[in-house]
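Below is a short report on one protein model.

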Amino acid sequence: MPNPRPPLTNLRPQAPKWSHQPTLAIRVPEVFREEIAEFARKLDNGESISPEPPTKTIPSLSPAVWLGIKPSISQVGWAVLEGDTERTEPRLVDYGTIVTAPTDPLSKRLAEIDADLSALLEEFRPGHVAIEAPFISSEFPSGRKTLQAIGVINATIYRTCRFSPLNLYTAQWKSHLDSPRAERADIAAILESLFDFKHLPVNAAVDATAIAYAAWCGVGSV
């Protein structure tokens with residue numbers, strides 16, 4: 001039968017391993033046992049468990065590099081010019097388009113624009129970015145999609161370069177080279193002569209080149 005008053009003088013006091021009681025046995029994958037136990041100990045000790053946010057180093061920007069952007073959801077035109085404004089003319093470094101598939105979900109297309117534009121910004125490190133501010137009617141689905149693309153482009157530029165782009169209206173950059181109603185083929189011919197290029201592709205990259213050049217010349221600047 002049990003002893004109602006057992007001797008306690010020889011018993012050593014036991015300190016619980018956990019500050020928070022009671023404990024409970026749980027089933028977890030064995031491979032995660034140590035990590036989960038360490039996480040629980042930190043919680044029990046009141047330690048911070050918030051992960052440190054990754055630090056993103058903003059690359060040093062090049063004041064003589066100008067990036068022009070023609071926004072769209074299907075084909076974002078871009079062009080890079082390099083040159084001090086005291087020079088006679090800048091140099092056309094590179095140009096191209098960011099193309100998204102119309103069959104993909106809108107969120108995926110916006111993510112592709114963000115990723116590709118981020119890569120361009122990190123590669124060329126432009127000190128100046130100019131983007132077309134087109135006239136868009138929100139009544140049309142393509143217009144709403146373009147507005148979302150413009151939002152992503154602006155956010156990407158600020159996240160990477162820490163400044164807002166210069167906005168140029170279509171009539172502004174077109175008038176600088178020709179007329180407000182100039183066709184893309186006409187703009188391409190003028191740019192080929194200006195930069196001594198042959199067979200400049202007649203696509204959104206032509207507009208982006210003209211936008212970058214207009215910004216380099218001071219169009220739209222306060």
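## Cysteines

Cys-161 is buried, at a relative accessible area of 4%, whereas Cys-217 is partly exposed, at 33%. Here buried means under 20% relative accessible area, exposed means over 50%, and partly exposed is in between, with a 1.4 Å probe and protein chains only. The structure holds zero disulfides, a disulfide being a pair of cysteine sulfur atoms within 2.5 Å.

This is a predicted model, in which local features need pLDDT of at least 70, side-chain atom pairs count only at pLDDT 80 or more, and totals for chains, interfaces and linings use all residues. Residues are numbered from 1 along each chain as its sequence is written, and side-chain values use heavy atoms, with hydrogens and water left out.

## Overall layout

The protein has six helices and five strands, in the order α-β-β-β-α-β-α-β-α-α-α along the sequence. Helices (H or I, at least four residues) and strands (E, at least two) are DSSP runs numbered from the N terminus.

Of the 222 residues, 33% are buried. The protein exposes about 14,500 Å², of which carbon and sulfur atoms supply 55%; these areas come from the Shrake-Rupley method with a 1.4 Å probe, and for residues only the protein chains shown count as cover. Among contacts (heavy atoms within 4.5 Å) between residues at least 6 apart in sequence, 63% join residues at least 24 apart.

## Nonpolar cores

In soluble globular proteins, nonpolar side chains tend to be buried together. A nonpolar core is taken here as a set of buried Ala, Val, Leu, Ile, Met, Phe, Trp, Tyr and Cys residues joined through side-chain atoms within 4.5 Å. The largest one has 24 residues, and the members that touch the most others are Leu-81, Leu-168, Trp-173, Ile-187 and Leu-191. At least two residues of this core come from each of strand 2 (75-82), helix 4 (170-177), helix 5 (184-195) and helix 6 (204-216). Helix 6 gives the most, with nine residues.

Leaving out residues up to four places away in sequence, Leu-81 touches Ala-64, Val-65, Trp-66, Pro-90, Arg-91, Leu-92, Val-93, Phe-195, Thr-209, Ala-212 and Tyr-213. Another core, of 22 residues, lies apart from the largest one and includes Ile-69, Ile-73, Val-80 and Cys-161.

## Strand 2 and its partners

Strand 2 is mostly covered, with six of its eight residues buried. Strand 1 (residues 62-70) runs antiparallel to strand 2 and is joined to it by six bridges; two strands pair if DSSP finds at least two bridges between them. A hairpin of four residues connects strand 1 to strand 2.

Strand 3 (residues 91-99) is also antiparallel to strand 2, with eight bridges between them. Trp-78 in strand 2 is the bridge partner of Ile-69, and Trp-78 stands opposite Gly-96 in strand 3.

## Two helix residues

Ser-118 lies in helix 2 (residues 106-124). Ser-118 is buried, with a relative accessible area of 10%. Apart from neighbours within four places in sequence, Ser-118 is in contact with Thr-156, Arg-159 and Thr-160.

Leu-147 belongs to helix 3 (residues 141-161). Is Leu-147 buried or partly exposed? Leu-147 is partly exposed, because its relative accessible area is 44%. The C-alpha atoms of Leu-147 and Ile-73 are separated by 8.5 Å, with the two residues 74 residues apart along the chain.
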